Every structure is written in structure tokens, then in C-alpha cells.
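Subject: Structure handover

Hi,

Here is the structure I promised to pass on. Have a look first, and then read my notes below.

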Amino acid sequence: MRLKYIAALSMVALLSACAHEKANTGDSSGASTAMQPSGPVPGSEEDLVATAGDRVLFDLNKSGLTSDAQATLEKQASWLAKYPQVNVEIAGNCDDRGTEEYNIALGQRRANAARDYLVAKGVASSRISTISYGKDRPTQEGDDESAWAQNRNAITAVH
């Protein structure tokens, strides 16, 4: 009698273990792979960077938009149209040559040029703020043309 009882309990335990294995079809963390997000969160700064790019570059001592800059801003305008609840800040930057006053003014002209382009493409001006950091926030360290070229920019950030 005891042997039958132990055998019955063993079968119940074995069947229970098999049923549990079939129910657990997720990955080793227990989460279903279908529920895991892939890529950046839509409407986030990471999404802006991945989808449209966050910066445009300028020529030395210029605030006019190049064709490459216009192409990036076109993508930003499309991205902003897709996420009308998102506001952005455009920061104008310069390389480390020139006076502080000159670079602050030039950085502001660069930020304004990017903003004006986005507004012309239908983005409400109330969604865009601008700031100039002049030469105070370099994105690339160095004192050569390669570094200076990267620091002559306007960077759009989700605000």
C-alpha cells in the first residue's frame, strides 16, 4: 500500500514538473521576448538621434545651412511632425577660436538658422527654444581642423 502511495505521489510530482516546463516558454529571465522593446523609445531623444540625427555642422565663421544640414533638418522636421507633444532646444556651438563674444553671437545665429528652417517646414516656433554656448561646450576635443569642424554645430535635444 505504501509503495502505491509513493508511486502515485511521484507521478503527480513528475506530471506537475512537465506541465510547468511547457508553460514557461519565455527566455531565461522569465520575460517573454515579444514584450521586450527593441530600439529607442518613440519620441525620445535617443529616437531623434537614431531616426533623424541631432546635429548639423557649419562652415568656418558661417551660420548658413549647407545641403547636408538641410537634409538633417528635413528629417528632424518630419520626426517632430510625428511627435507633436515633443519640444526641443537647439544649441549653437563654435570651435575654440575667436573671442567669447564673437562665438556666443555666432552660436546664436547657428541655432536660429536651424530653428528658422524647422519653422519654415511647419514646426511651431513655440516648440523650439535656442541657446548659444559659443565655444564652451565642445563635442570633440582637439586643436586641429577635424575637431574644430565637429564643434561648429547646432545640436537639437528633446527638451
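What pattern does the protein follow when read along the sequence? The answer is α-α-β-α-β-α-β-α-β, which gives five helices and four strands. Both kinds of element are DSSP runs numbered from the N terminus, with at least four residues of H or I for a helix and at least two of E for a strand.

Some housekeeping before the details. This is a predicted model, so local features need pLDDT of at least 70 and side-chain atom pairs count only at pLDDT 80 or more, while totals for chains, interfaces and linings use all residues. Residues are numbered from 1 along each chain as its sequence is written, and side-chain values use heavy atoms, with hydrogens and water left out.

The overall numbers: of the 159 residues, 30% count as buried. Buried here means under 20% relative accessible area, exposed means over 50%, and partly exposed is in between (1.4 Å probe, protein chains only). The accessible surface comes to about 9,900 Å², and carbon and sulfur atoms account for 56% of that; these areas come from the Shrake-Rupley method with a 1.4 Å probe, and for residues only the protein chains shown count as cover. Taking contacts (heavy atoms within 4.5 Å) between residues at least 6 apart in sequence, 72% join residues at least 24 apart.

Now the sheet. Four strands form an open sheet in the order β1-β4-β2-β3, with mixed pairing; two strands pair if DSSP finds at least two bridges between them. β1 (55–57) and β3 are at the edges with a single partner strand each, so one side of each has no neighbour in the sheet. From one strand to the next, the twist averages 15°. Two helices pack on this sheet. α3 (residues 67–82) touches β1, β2 and β4, and its direction makes about 160° with that of β1. α4 touches β2, β3 and β4, and its direction makes about 155° with that of β3. For these angles, axes are lines fitted to C-alpha atoms (for helices, over the stretch in contact), and values run from 0 to 180 degrees between N-to-C directions.

β2 (residues 88–93) deserves a look of its own. Five of its six residues are buried, so the rest of the structure largely encloses it. β2 pairs with β3 (residues 128–134) in the parallel sense over six bridges, and A91 has I131 as its bridge partner there. The chain gets from β2 to β3 through α4 (residues 100–120), in a right-handed β-α-β crossover: with the strands pointing away from the viewer, the path from the first strand over the helix to the second runs clockwise. With β4 (residues 153–158), β2 pairs in the antiparallel sense over five bridges; E89 is partnered with A157, and V88 with V158.

Two asparagines to click on. N93, in β2, is buried at a relative accessible area of 3%. Its side chain makes a polar contact with that of N153 at 2.7 Å. Such a contact is a pair of N or O atoms within 3.5 Å; within protein, one must be able to donate a hydrogen and the other to accept it, and residues adjacent in sequence count only if both atoms are side-chain atoms. Leaving aside residues up to four places away in sequence, N93 touches several others, including Y133, R137 and I155.

N61 sits in the loop between β1 and α3. Although N61 is not a glycine, it has a positive phi of about 60°, and it is partly exposed at 45% relative accessible area.

Cheers
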